[in-house]
Amino acid sequence: MLLRDIAAALSAPYVGDGEIEIVGIADPAHVNEAGEARTSRLALAMTGEAVAALTTCDARAAVVTTGCDVPLDRFDAVIEVELPRAALAVLTKLFDHPPQIAPAIHPSAVVAPDAVIAEGAGVGPLAVVGARARVGPGTMIHAHVTIGANATIGRDCLIHAGARIGDRVRIGDRVVLHHNVSIGADGFSFVAPEPASAQDAGLLRIHSIGTVVLEDDVEVGANSAIDRATLAATRVGRNTKIDNLVQIGHNVEIGESCLICGMVGISGSVKIGDRVVLGGAVGIADHVTIGSDAKIAARSAVAGDVPPNAVMAGVPAVPRGRAFEQIRLVGRLRSLYTTVAELKTRVRDLEQGLKQGLGSAGETGADKPPES
Amino acid sequence: MLLRDIAAALSAPYVGDGEIEIVGIADPAHVNEAGEARTSRLALAMTGEAVAALTTCDARAAVVTTGCDVPLDRFDAVIEVELPRAALAVLTKLFDHPPQIAPAIHPSAVVAPDAVIAEGAGVGPLAVVGARARVGPGTMIHAHVTIGANATIGRDCLIHAGARIGDRVRIGDRVVLHHNVSIGADGFSFVAPEPASAQDAGLLRIHSIGTVVLEDDVEVGANSAIDRATLAATRVGRNTKIDNLVQIGHNVEIGESCLICGMVGISGSVKIGDRVVLGGAVGIADHVTIGSDAKIAARSAVAGDVPPNAVMAGVPAVPRGRAFEQIRLVGRLRSLYTTVAELKTRVRDLEQGLKQGLGSAGETGADKPPES
Amino acid sequence: MLLRDIAAALSAPYVGDGEIEIVGIADPAHVNEAGEARTSRLALAMTGEAVAALTTCDARAAVVTTGCDVPLDRFDAVIEVELPRAALAVLTKLFDHPPQIAPAIHPSAVVAPDAVIAEGAGVGPLAVVGARARVGPGTMIHAHVTIGANATIGRDCLIHAGARIGDRVRIGDRVVLHHNVSIGADGFSFVAPEPASAQDAGLLRIHSIGTVVLEDDVEVGANSAIDRATLAATRVGRNTKIDNLVQIGHNVEIGESCLICGMVGISGSVKIGDRVVLGGAVGIADHVTIGSDAKIAARSAVAGDVPPNAVMAGVPAVPRGRAFEQIRLVGRLRSLYTTVAELKTRVRDLEQGLKQGLGSAGETGADKPPES
């Protein structure tokens, strides 16, 4: 790809030779590991650390942040971008090479005769597609994926190896499911028999006869699980992104454009608005409602409803400022205990002093004995 | 199914027309999404929210809780139940439609010649069954499941797609394993070489030559993992239910009818009694014993033994009342610091006042200087 | 195996009959479950509990810790070891029987014509090996494993059922991957568009075009996930052991001989030194650096850099002594609140007493009103 075409994709200006052929992008600290290809790599220097590495890398071209102080004369061409993270999104997309399968049904796949695989979709080796399932055009079903009966998958999805899509699950367009994702396992819902004396009869199972709906542009990380609803649908809204090893319980409803980081656990029947951010390993108790644009700090445990726009932290989660204050105050507890112990001594001294002093004056204002 | 048959299954009375044909059950808020089928759905209105939705749903019949104030005249028939959750268990079981495979060995499955698949068991597409493994009658092994050599699986089990069952694992009757469960991976057990100076020799691996035993009616959620014992068996007792993304370490022994919620982590050699409830994301340190009927609140970390019937919470877990008190007391710390600061000022004032006052009287009871 | 050969493997002395044929090892409490084979088991009695069980077990031979007080006369032979855990490593290795596949390509596996499977490697039933992938000699690829294009796997690795190895991933020698491991899913990296008003345009995805490198002797537990780097490589150093359900984000670099316990979450771009121990369910915030030989207690959350050799605990993690002190101090808060309330009363009494007492003497040293 020519450097000037990359600059155009970035809508960014460049100085130098736009005709340089670029074969890939790289962190300047690692450019030289690319062997023969190193000079035709585009070095991305949009952090301070990466800028420092520019001085020793052999790439002929670099991308830098506007106004950044870099040794431009080392390079035959330099592109300047305003928003480094947005530029990284464009550049990684340009040079991405996701796993490929042919846009066809691999002969080793087991596809039900009444499943409908659109023209241009691919079904990889040893994948299984159930009865009456539908796979949209451009969608790539990789090796070892299981698709249940009556499931529907939209167009241009990327379903990575080992993903499990249960019966009747509905998946929109451009959805990405990573390795070993579980969509549509049964919810965890049991009833202890009443009266309690009947406990030998075991736990009663509430079956999950609902489904899961993933709207367009949802992404779900490796080994995450989204359970089926009891009656209706567990739902993840358009454009919401979910990281690895996340658990989403039955009946949960999540809005659009949320970011749900790794190892988050969302209990059953939780409702989450739009553009909510849940940091890593956040836990949400069942039936809680979280308003749009709320942000929950990593490792927090949300036990009650959260209003829109709130920024929460802690276990249990409270407004972030209070959570941080609590951490500070707990950190100073030792000195508080010391202060209180000193005060106790001084108060006892005062009491004794007052007793003696006033006693000698024929009065007593403090008749309590000193305490230890 | 006729409404009167459903009422009979619930052992519950009904009013109205028992001859109505019911095709499914639904949350009243979602009944109208069922299109043509909506009028022949049974609307379940056993929560306040659902009752409110009854007034706009088009179902001809409903299930309500006895004594609940509902617009009965909208319906041609109404069933009244005493215990709504128990009724939900019955109703969802009646209308459940779990994934189906034929009760036969799919031609694409790879089954060892000396494996024993009982009459009436099913082995789904592309499943693998190892040497001398045994699968009981009525058990359904879904697509992409791996069963190791010498493993035994009882009758009427449901093993969902992608579950991994290691060599020699023993599984009882009516066990349910969800997507991608791992039963019988090796335990995590390493020894740092001694003396420490030998660390270049690497970590010594303690191999897991034991197995895993899951007793009758155990259920294990998607992407959970139960590791193999070092010598004997990691064991999960009859009727215990385990949610998604749970980790159970080597040598663990869990009793009967426990409920283990999502993302719980149980370290090696833990012993858990019967009917124990572990809330979401609870962690248990290794070698801990938890008595029967104990309950551990979500997100707690158990670092020591827990007696029977205890209700614990917190990190580290303490009796729940104390844990909640600690949260309240930490929440009021700012005002405690303020109070102590004020007391300090007042004590200093007292000390100065006493010194001056008594000093004028020829005495001093407080000879310490004021502190800041 | 003869008892004397086992003693030789342990470099340990024995007393009694070295010619006894041993068919396996067992916990004394479980020896008698071995039926006919029980007398030819070697009973391992290297803990107090196990020693107690020796008195009722039928094994003819035992391994004990030097100096341990055991009923030696029950046994025909007894081996004495100095370091019981190291001995357990040796003994479990001697009697381990990991899952076996033939050292050949199973006819049901789907192997790309240009993949290179070394002589003596095994590819199990229904495994998939992508284009130009390389598998070293002695490596066993079990059933249902997926290996991406251009991935390389060294010699003598053990890749358990359902593991997913993405394109271009590089794996060293003697690596063990357990059930359903994901190596090389995409990192979780999105950019909110700027300005914020453009949020309808959705989140921009930063693609992961890098790879993952696992060095020699790495082990990764069941259902764990290690994500691909953005540009270069997520890297796990030689001999590092990772437990089940661990999440390792993109761009992370982990040194040698670390122990990473179950359910640990390591955010993107974290750097971890050598011989670091992360307890169960530890969380590490993104871009943090953890020095060599640091130890982080279970359940801790690391929010900032940790120096070498540090021992940390808590949320957020602080030096362990401070963390434990904070737990103790928080546990005593109720009595602190009580003490402060009493002090308040006593100070008020003093103030009033001083006012009255000194007032009667014509002075006032405390002019503040009493507070409640």
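In the predicted model, the contact between chain A and chain C draws on 69 residues of chain A and 75 residues of chain C. About 5,600 Å² is buried between the two chains. Carbon and sulfur atoms account for 65% of that area.

Polar links also cross the interface. Between chain A and chain C, 21 residue pairs are in polar contact, with both residues at pLDDT 80 or more. Salt bridges across this interface number 3. One of them joins A:R334 to C:E325. Their closest N and O atoms lie 3.4 Å apart.

On the side of chain A that touches chain C, several elements give two or more residues each. The strands in this group are β2 (24-26), β25 (241-242) and β28 (259-260) of chain A. The helices are α4 (84-95), α5 (320-331) and α6 (333-360) of chain A. Helix α6(A) contributes the most, with 13 residues. By class, this side of chain A comprises 35 nonpolar, 17 polar and 17 charged residues.

Within chain C, 11 strands form an open sheet of mixed pairing. The strand order is β8-β11-β14-β17-β22-β25-β28-β31-β34-β36-β37. Strands β8 (122-123) and β37 (318-319) of chain C are the edges, each pairing on one side only. Strand β11 (residues 140-141) of chain C pairs with strand β14 (residues 158-159) of chain C in the parallel sense, over 2 bridges. In that pairing, C:I141 has C:I159 of β14(C) as its bridge partner.

Terms used
Residues numbered from 1 in each chain as written. Chains lettered and ligands numbered in written order. Predicted model: local features only at pLDDT ≥ 70, side-chain atom pairs only at ≥ 80, totals over all residues. Heavy atoms only, no water. Pairing = 2+ DSSP bridges. Helix = DSSP H or I, 4+ residues; strand = E, 2+ residues; numbered from the N terminus. Contact = heavy atoms within 4.5 Å. Buried area = accessible area lost by both parts, 1.4 Å probe. Salt bridge = Lys/Arg side-chain N within 4 Å of Asp/Glu carboxyl O. Polar contact = N/O pair within 3.5 Å; in protein donor to acceptor, adjacent residues only side chain to side chain. Nonpolar A, V, L, I, M, F, W, Y, C, P; charged D, E, K, R; others polar.
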